[in-house]
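Please keep the sequence and the model at hand while reading.

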Protein chains: 2
Amino acid sequence: MNAEIIAVGTEILLGDIVNTNAQYISRELANLGINVYKQEVVGDNEERVLESFKNAFENSDIIITTGGLGPTPDDLTKEMAAKYFNKELVLHKESYENLKKFFDKGGRELVGSNEKQVYFPKDAIVLKNDHGTAPGAIIEGDNGKKIVVLPGPPREMKPMFDNYVVPYLKQFTDSVLVSKVLRTFGIGESRMAEVVNDLIVNQTNPTVAPYAKDIEAILRITAKAKNEKEAEELIKPVEKEIRRRLEEYIYGEGETSLENVVGELLVKKGIKIATAESCTGGMVAEKLINYPGISESFLEGAVTYSNEAKMKRLGVKKETLDKYGAVSKETAREMAEGIAKAAGADLGVSTTGIAGPGGGTAEKPVGLVYIGVYYKGSCLVKEFNFTGDRNRVRVRTTMSALDLVRRTIKE
Amino acid sequence: MNAEIIAVGTEILLGDIVNTNAQYISRELANLGINVYKQEVVGDNEERVLESFKNAFENSDIIITTGGLGPTPDDLTKEMAAKYFNKELVLHKESYENLKKFFDKGGRELVGSNEKQVYFPKDAIVLKNDHGTAPGAIIEGDNGKKIVVLPGPPREMKPMFDNYVVPYLKQFTDSVLVSKVLRTFGIGESRMAEVVNDLIVNQTNPTVAPYAKDIEAILRITAKAKNEKEAEELIKPVEKEIRRRLEEYIYGEGETSLENVVGELLVKKGIKIATAESCTGGMVAEKLINYPGISESFLEGAVTYSNEAKMKRLGVKKETLDKYGAVSKETAREMAEGIAKAAGADLGVSTTGIAGPGGGTAEKPVGLVYIGVYYKGSCLVKEFNFTGDRNRVRVRTTMSALDLVRRTIKE
């Protein structure tokens, strides 16, 4: 089965945004064993969109579009799909009720232009949008061809694709691809690939593929089999071998995140945590609090960017700051211990560093960071030298702090 | 002049990498006043690449390709361009010498497959690769059509495009496109589009286009003229009219962000700020600290997720928490005032709310948020009802808090 992915949006042709949706959908289709013949981006223009549909169906059985489902006249993907298949647009009651509820909740009136979002080609399978107002749809033509229209924003498109489109597409594939994802932190993608290179090169079923995502390195094991159970059996021994080589770095598997894993560990073990942040400026606390159950464990966070705040809030000594500076092993130690004691927490984690772009010296360059973890009366401080811009340094520091907490409490 | 951007690479169709090159080239072409008709990704397959060239030239005068210039048999972009224009491939001496030097330097022998990289269609303009081994080329057909072939890795492609392709393209443009972006917050994309709908529909030069990015709504005014100055003159009256209607919501223009605008305002006015966060868990502080100059203004942040921390750190009264709850106007007020006084700041900003997924009640549903801003002795508290998942509610709360600070101090 061939598929073509068409993004509809003049803003992509103007270079305003990167078309990350195409990558996401391509990878998911590959997992389903569906061949992507082409990716395309076309402007918000009736003729061009129709022309793209026509051309794509010369080689493909299914078109998946992203974008152009919104309330403005520029949004015309659904309309062109209807036109291509010669179907009229009809109001979808359930979607209308959902949209109305959404507007009522926000205290706003549902105006005409918004109603456009809940009209669909007759007989279309409407796909609920769990993260926005524009539902998607699967439109099946009399000629056996199909157009799946999805919203443009990735946070709306991805769950819709996973929850509603993947189950639909499965009927067209006679084998299943099952993937298992192992997530690592603290080892680069290329180093990780080296360690398991023989598996990457020699394995054909399952395959082993490394990839980098933000600042973590991920290994995906993918098996092809008649059913899920067989695929899982194929994966097992390979996973075991990978874990033997990389166990230290693997923090989780599947759809999770370092902050979720740390949040779960903290709550499960009943450990109370407090944070003291300088260069990360609240990002460590913010990540932890992203874990819904964290209120049982998170006591308090202090963002102490200035020296005054470090002394006043955390009890960092003036002599320490004078002698070693704010970015030092000693300050990180006093910060971690200081917040743990001030908050009455079991564990205190601290960050201090030079995120840049200014503030670096020959002795203490931009990217120098100290992370402290105080736990059960002793304090571990680690030094890092990160590369990248201000935001990158702060994100790396945050993730490294979470990983250090994970390693400290995992036993 | 119309252009089409074609990425050649099966790895993109498999979803292994995101096609960021298309965005880069699109934006640069827009700046040159060259219209991008389509972006496309095609696999490493002779027929399909030729077919794409043929189709693209039906609407476009120039094709810009990325990828497929390397030494392997899969790399076939240049070869297909030669075939399309019916030109033979000849060795380019200068490129050969450069390649040989590169291999000598690495102590390696130049083997046959690598020589493939320095063969080009006859009469092609060869583009030096300052960051890799595969040069690019501009190939002009007898029919006036042009194919520009560029390497796939962005760090090779970008400088080649800037240094050699842009100067070449300038001869074909007698006009420039100048865009001005106005960024708004606090008004949805559809509501904003309604307010300026007559301008969107009736304006042709400049054009006015709305779009949504994360949780802000953006308006782009784009004028076409002989030179930049003329284009700017065309933009002025339209911008003035838009500002007249939307002034309250416009927080900045061009490449900026709400946190940068707030950071700049704080530093420029010498206002000292402190933050007290519950549901946002440090995100407000984290955003502010993303602004590099903020250390002059940011005194301290408190992440007080628990009631104990709210009382201990911020002096929120037990009676207030008992009577009104942690998520209430009254608590938000005491938090904002409490952190301002504890930190000795001019301005204190607080957030408290129910981010979900749990914790909601009929009276206080998920998404209910209070934001407080204490400034110069008085405190403003606003109530919000946000929709979306936990992260969305937290991001919206954070951005709304920054916007409330902006509105408070902008006069």
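The points below concern a pocket and a selection of salt bridges. The model is predicted. Over all chains, the count comes to 46 salt bridges, and the second largest pocket holds about 480 Å³ of space.

**The second largest pocket**

- The lining of this pocket comprises 21 residues, and the closest to the pocket centre are A:Asp16, B:Arg27, B:Val181, B:Arg220 and B:Glu255.
- Two or more lining residues come from each of α2 (20–31), β9 (176–184), β10 (207–213) and β11 (216–225) of chain B.
- β9(B) gives the most to the lining, with 6 residues.

**A salt bridge between separate elements**

- A:Glu79 pairs with A:Lys116 in a salt bridge whose closest N and O atoms are 3.4 Å apart.
- A:Glu79 belongs to helix α4 (residues 77–85) of chain A and A:Lys116 to the loop between α6 (112–115) and β5 (119–121), so the pair ties together parts that are 37 residues apart in sequence.
- A:Lys116 is partly exposed, at a relative accessible area of 23%.

**Salt bridges within helices**

- In helix α16 (residues 390–409) of chain A, A:Arg407 and A:Asp403 lie 4 residues apart, about one turn of the helix, and their side chains form a salt bridge of 2.9 Å, N to O.
- A:Asp403 is buried at 5% relative accessibility, whereas A:Arg407 is partly exposed at 26%.
- A:Glu239 and A:Arg243, 4 residues apart in helix α10 (residues 228–246) of chain A, also meet in a salt bridge of 2.9 Å, N to O.
- A:Glu239 counts as buried at 11% relative accessibility, while A:Arg243 is partly exposed at 22%.

Technical notes:
Residues are numbered from 1 along each chain as its sequence is written. Chains are lettered from A and ligands numbered from 1 in the order in which they are written. This is a predicted model: local features need pLDDT of at least 70, side-chain atom pairs count only at pLDDT 80 or more; totals for chains, interfaces and linings use all residues. Side-chain values use heavy atoms; hydrogens and water are left out. On a 1 Å grid over the protein atoms alone, a cavity is a set of points where a 1.4 Å probe fits but cannot get out, and a pocket is an open set with protein on both sides within 12 Å along at least five of seven lines; lining residues have an atom within 4 Å of a point. Grid points are joined across faces, edges and corners, and a volume is the space filled by probe spheres set on the points. A salt bridge is a side-chain nitrogen of Lys or Arg within 4 Å of a carboxyl oxygen of Asp or Glu. Buried means under 20% relative accessible area, exposed over 50%, partly exposed in between (1.4 Å probe, protein chains only).
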